[in-house]
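I opened a new notebook page for this structure. My plan was to look up a few things and write down what I found.

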Amino acid sequence: MNKPGGNIWVFGDYRNYFQNRVTLQLLSRANDLAPAVGAEVCAVILGHDLDEYVGEYIAHGAKTVYVMDDPALKDYNVERYADITARLSAAHAPGTILVGATAFGREFAPALAKRLGTGLTADCIDLNIGEDGLLVQTAPAFGGNLIADIVTPDARPQMATVRPGTFQEIPHNYTATGRIIRLPLPEGLPPVRVRLVSSRRLPQRTRRLEDASVVICGGRGMGSKTRFRKLFELARFMEGEVGATRPVVHSRWAPQEALVGQAGRNIRPRILLSFGISGAIQHTAALSNADFIIAVNKNPHATMMKMADVAVVADAGQVCSALIRELKARIRE
Ligand SMILES: Cc1cc2nc3c(=O)[nH]c(=O)nc-3n(C[C@H](O)[C@H](O)[C@H](O)COP(=O)(O)OP(=O)(O)OC[C@H]3O[C@@H](n4cnc5c(N)ncnc54)[C@H](O)[C@@H]3O)c2cc1C
């Protein structure tokens, strides 16, 4: 096998740590892939007061963690982080760098790829090792009309961003050990041109969709904003989160953060209830990790109905109202 060589690096994105699990999910996938190319799984983390995260990365599969802990790195700064990571990459020659497709990662990874003169596959929905030892980066392409397997045959490192929720994190291993390599802030960094003035957390609701074990997704078949709002009521009874298709978000029946699909979020619920959704590939690409799908649609031939474990041919609004009535009655009992 022609091994591309070099270790697999996962860039540590630890903001909103308890909700944002993408770094841990990437460490897990890197561990699946590493044996095929004889690589070691490493995490790279920049910032200040990082010890807690370093321990977490080791407990979740990093064998080596490169740590640059300095007050000058306290706030995420794309230019500075990309400059530093490019220098580290030049010094240690990783074969692959994986970055979570978070708001930060989507800005940081292209900046890093540019500095390294390598390619980048953005928003991957799967990663594998091909027979030639290259990283096969699976991502929606050509406006989302097809799913492409992309490789980087010559340039190194191979770089990909991956959607949160695509892979399952390895359970916390309290006995795991790893190497910690502490690095000083490099000299001669260009001055910071962008300063963080303030930051504010998003409301809880918009952050939990990827992690929710019950997701109630609604599509255009809900018919109106008023009928769509019933899904939020149902979600409260089921302790779930509401997702939506693109037409629903465009009609402002649901916020952008609720968008499920290629342009939105990947979900991995135990139970997915899908109401009035046709099942376009741009939506269903984000559902492959759902355990059990119940779809309600007037059209029994809709793709979503064929994907579902249970397909209910009915009016979506009526089924939603009936479920709410039933759950309310059970609470009263
Ligand atoms: C580049 C690109 C990116 C995209 N990204 C995304 C994305 O991230 N997420 C996304 O969702 N879409 C995305 N889309 C749009 C996607 O192609 C589909 O248009 C969209 O998913 C369809 O949404 P829908 O199922 O709600 O609507 P429709 O396709 O219109 O389906 C409505 C469904 O409701 C059913 N229905 C109608 N009335 C009722 C009723 N009373 N009761 C029950 N069922 C009923 C119909 O039978 C139909 O199956 C993208 C498109 C492009 C080109």
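**Entry 1: the model.** I noted at the start that this is a predicted model.

**Entry 2: around the ligand.** I asked which residues come nearest to the ligand. Of the 29 residues around the ligand, these are Gly219, Gly221, Thr245, Gly261 and Ser278. I then looked up which elements give two or more residues to this shell, and found helix H7 (246-250), helix H8 (281-284) and strand S14 (292-297). H7 gives the largest share, three residues. By type, I read 15 polar, 10 nonpolar and four charged residues in the shell.

**Entry 3: a sheet of three strands.** Next I followed an open sheet with the order S6-S7-S8, and its pairing is antiparallel. From one strand to the next the twist averages 25°. I checked how S6 is joined to strand S7 (residues 135-141): the two run antiparallel, with four bridges. Isoleucine 129 has leucine 135 in S7 as its bridge partner.

**Entry 4: the nonpolar core.** How many residues does the largest nonpolar core have? It has 91, and the residues with the most contacts inside it are Ile45, Val65, Leu98 and Ala244. Helix H1 (residues 22-37) gives the largest share of this core, seven residues. I also looked up where the core lies. Domain 1 (8-182) and domain 2 (204-332) both give residues to this core, so it lies between them.

**Entry 5: strand S9.** Is strand S9 (residues 158-162) mostly covered or mostly open? S9 is mostly covered, with five of its five residues buried.

I then looked up the partners of S9. Strand S4 (residues 96-100) pairs with S9 in the parallel sense over five bridges, and glycine 100 stands opposite valine 162. Strand S5 (residues 121-124) also runs parallel to S9, joined by two bridges. Here cysteine 124 has valine 162 as its bridge partner.

Terms used:
Residues numbered from 1 in each chain as written. Predicted model: local features only at pLDDT ≥ 70, side-chain atom pairs only at ≥ 80, totals over all residues. Near = placed C-beta within 6 Å. Nonpolar A, V, L, I, M, F, W, Y, C, P; charged D, E, K, R; others polar. Pairing = 2+ DSSP bridges. Axes fitted to C-alpha atoms, helices over the stretch in contact; angles between N-to-C directions. Core = buried A, V, L, I, M, F, W, Y, C linked by C-beta atoms within 7 Å. Buried ≥ 20, exposed ≤ 12 C-beta atoms within 10 Å, placed from the backbone. Domains from an automatic or database assignment.
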